[in-house]
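Thanks for coming, everyone. I'll walk through one model today. Please have a look at the screen.

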Amino acid sequence: MLARTGISLATTTLLLLGSTSAFAVDAQAFAERLKAVAQKQNMSLTFDSAEADGDNVVLKGVSGAKADEKGKIAEIIFENVSGSTPDGWNVARIAFPDFDETEDGVHTRITGIVIEDLELVGTNATDAPAAMTFSDFYFEGATIGSVDVEKDGKTVFSLADASIGNEIGDDGTFTAEFDLGDFTADLTAGDDAEATKAVQEVGYGTLSGEIAGSATWDPASGLLELDPFDINVKDAGSLSFTYGISGYTPAFIESLRQLQQQMAANPDNQQASGMAVMGLISQLYLNSADITFVDDSLTGKLLDYYAEKNGQTREQLIEGLTGMLPMFLSYLQNPDFQKDVTDSVTAYLNDPKSLSITVAPANPVPATQLIGAAMGAPQTLPSVLSLSVSAND
């Protein structure tokens, strides 16, 4: 009985070990696919080893191109890896080790870098969304806990709680929501003593605020929209930027990637590269754009600062600035647009609330037409773009 039991236990153990080995993820195959996808993005990825730990893959000695031993990441764990190179790989979570480095008196520390639900498109994939196939990878979310930069022992920049979330809809449209978190920047840490004194006198030795936005891309139509990109600075103001571009298709992106590779391989052939670039640009169209600044005391502080520096009142400074506008705009030879800008800027400077520049053509404008107009007939640009400037809307 003891002999039979011993054989039975040994056999069971061998079967369990064999089963674990059979179902363990192929770490080397995954790592090589990850390396190939990075190369497609013109990034070089190297590693000393790839090891399986159950469903996890551990890459050791990870670095980018030409990185020395100091630049290597000791270990990155890819959690719950499944799939294959032909069918595609899925990674539930990647938690990167904290980055902590000091160079030339600047100490940088980045913590809490995490990527969630990473997908690598398979080499035999036929039904992957276009938003994934042009890059061969996709992830649903990423976060950065904090970024701190110190110079000579003093914090000059900090950021907390940055995140990005991605989604591909049923129609293939790609959507990204990003929040770059709360930031603080010390503007007095530069080497220019005069600039440091100026920002302190204006009242902005330190800036703090938030940056966030959203973007959508329809690969089928090539419509790329940023709506909006917002920068909010406490006690200064907020800047909002939106635009719409069409023609940005997967085919365009692939052509651009190939052109970049050709230019890198043959940097001396600038004439041919220039023609190729113009050919690509001809595929893009500007649909719309808007940039709006909403004031929160920045304009008044700047006006008061420069008025005092020039020995003027604020009213005298505004009168001088608005008086120069017609001269600066006269080269456009467009009296209506000149008056529109002058009236709007004058109204804004006298009562700073908001200032907007809007591009709203009836039909998308080819990029080559914009370049041609800017070079040969700049006076037509306001009409071509349906360009307008407004204040305090």
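First, a term: helices (H or I, at least four residues) and strands (E, at least two) are DSSP runs, numbered from the N terminus. With that, glycine 311 follows helix H7, and its phi is positive, near 70°.

Now the ground rules. This is a predicted model, where local features need pLDDT of at least 70, side-chain atom pairs count only at pLDDT 80 or more, and totals for chains, interfaces and linings use all residues. Residues are numbered from 1 along each chain as its sequence is written, and side-chain values use heavy atoms, with hydrogens and water left out.

Let's stay with H7. It has 13 residues and spans 18 Å from first C-alpha to last, close to the 18 Å expected at 1.5 Å a residue. The expected span is 1.5 Å times one less than the number of residues.

Which residues of H7 are buried? Thr299, Gly300, Leu303, Tyr305 and Ala307. Buried means under 20% relative accessible area, exposed over 50%, partly exposed in between (1.4 Å probe, protein chains only). Their cover includes helix H4 (193–202), strand S14 (285–295), helix H8 (314–329) and helix H9 (335–350).

Take threonine 299. Its relative accessible area is 9%, so it counts as buried. Beyond four places in sequence, it touches Phe293, Tyr348, Leu349 and Pro352. Contact here is heavy atoms within 4.5 Å.

Next, the cores. A nonpolar core is a set of buried Ala, Val, Leu, Ile, Met, Phe, Trp, Tyr and Cys residues joined through side-chain atoms within 4.5 Å. The largest has 24 residues, and Phe30, Val57, Leu59, Phe78 and Val81 touch the most other members. Helix H2 gives the largest share, six residues. Apart from this core lies another, of 15 residues, among them Ala307, Ile318, Phe337 and Val389.

Last, the strands. S9 (residues 154–168) and S10 (residues 174–186) pair antiparallel over ten bridges. They form a hairpin with five residues between them, and glycine 172 in the turn has a positive phi of about 90°. S10 also runs antiparallel to S11 (residues 206–218), joined by eleven bridges. There, aspartate 182 stands opposite glutamate 210. Pairing takes at least two DSSP bridges between two strands.
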